[in-house]
Amino acid sequence: MPHDPQPAGFWKRNQMKIAPYVFLAPGALMFLIYVLIPIVQSIWISFQDWDGLGPKTWVGLANYVELLDDDTFYVALKNNLLWLGLYLLAIPMGLAAALFLNQNVWGIRLYKSMFFFPFVISQVVVGLMFTWFYAPDFGLFSQAIKWLTGSEVAILADERYVTYGIIAAGLWPQTAYCMILYLTGLNNLNAEQIEAARMDNARGWRLLRHVILPQLAPATFIAMVVTVIGALRSFDLVSIMTAGGPYGSSQVLSYFMYEQALSEYGYRMGYGAAIAVVLFLIMMVFITLFIVRMIAQERNR
């Protein structure tokens, strides 16, 4: 008479269901500790008056009311929106660079390394390079402007141009990042679809718009999210190149938050947290719009 097998243990019976959660648990725990909990704490601190060391005092919405009456807040908000609008130029420029580099010609590896260079260097180095580039006495940009117009322009000392000058510095490495995303996407294109489109006489812009760009949609989504976040949390270049000057004209929300909460002028943790919450909400609005649009596009396919 055959021997009845022993019933399988709980793990063997459910390991296919449990294993994904086991692998996800460490990442989810880190996300909870280092992202979600700090977000909740920042929101809580934004309702307090706190210098970072002493006892907290509950002030409710007072920090937000004060923020709405602060002229610097509106200057920083306007500059952040300007950053956002111009920073998105990195996406089409990155796509153009990727299309140029995605070909098998002599010396293409050298060209790729030159385009990769801005991505691998620090934002601090980028800021210093462009500070020298704009310098009125010896900067290449100022010398070129002087040669063309006969007069020098101090980009970083002029309230009219300073924000545009910093954004141009930020676009350099951001374009390289978008280019890397699109190069990865171009290497994973469906060759059969491209060949079928060419057999139907699809060339140039038509091929790019109707065949290649739809396949690059995941890369475009990531590029948009990263670019929006980079534009709204812009801090490094502002700190290195102008420290918010001249006269606060290049302020952005992240640097304004730093000044109020952590610099020698501030130590107002509650007020700084209120600025951080506003910045977080702006980011969430744009990112949510992108996610909703992408989901809608996927459902329509």
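Reader: Which residues are buried in H6?

Author: This is a predicted model. In H6, the buried residues are Val126, Gly127, Phe130 and Tyr134. They cover an arc of only 100 degrees around the axis, so they sit on the same side of H6.

Reader: How many residues does helix H6 have, and what does it reach from its first C-alpha to its last?

Author: Helix H6 covers residues 123-134, which is 12 residues. Its reach is 16 Å, close to the 16 Å expected at 1.5 Å a residue.

Reader: Where does UniProt place the feature "transmembrane region"?

Author: The unreviewed UniProt entry puts it at residues 21-47, 81-102, 114-135, 161-186, 207-232 and 271-292. Such annotations may be inferred rather than shown by experiment. In the model, residues 161-186 are 96% helix and 0% strand, with end C-alpha atoms 36 Å apart. For residues 207-232 the span is also 96% helix and 0% strand, and the ends lie 34 Å apart.

Reader: Which residues form a nonpolar patch on the surface?

Author: The patch consists of Leu29, Met30, Phe31, Leu32, Ile33, Tyr34, Val35, Leu36 and Ile37, with about 820 Å² of accessible area together. One of them, Tyr34, lies in helix H1, residues 10-45. Exposed means over 50% relative accessible area; Tyr34 has 57%, so Tyr34 is exposed.

Reader: What joins Gly245 and Pro246?

Author: A cis peptide bond, with omega about -5 degrees. Pro246 lies in the loop between helix H12 (236-241) and helix H13 (253-261).

Reader: What is phi of Ala243 and of Tyr247?

Author: Phi of Ala243 is near 55 degrees, a positive value in a residue other than glycine. Tyr247 also has phi near 55 degrees. Ala243 is partly exposed at 37% relative accessible area, while Tyr247 is exposed at 78%.

Definitions and conventions. Residues are numbered from 1 along each chain as its sequence is written. This is a predicted model: local features need pLDDT of at least 70, side-chain atom pairs count only at pLDDT 80 or more; totals for chains, interfaces and linings use all residues. Side-chain values use heavy atoms; hydrogens and water are left out. Patches are made of residues with over 30% relative accessible area and no salt bridge: like charges are joined within 9 Å, nonpolar side chains (Val, Leu, Ile, Met, Phe, Trp, Tyr) within 5 Å. Accessible areas come from the Shrake-Rupley method with a 1.4 Å probe; for residues, only the protein chains shown count as cover. A salt bridge is a side-chain nitrogen of Lys or Arg within 4 Å of a carboxyl oxygen of Asp or Glu. Helices (H or I, at least four residues) and strands (E, at least two) are DSSP runs, numbered from the N terminus. Buried means under 20% relative accessible area, exposed over 50%, partly exposed in between (1.4 Å probe, protein chains only). The expected span of a helix is 1.5 Å times one less than its number of residues. The arc is that of the directions from the helix axis to the C-beta atoms.
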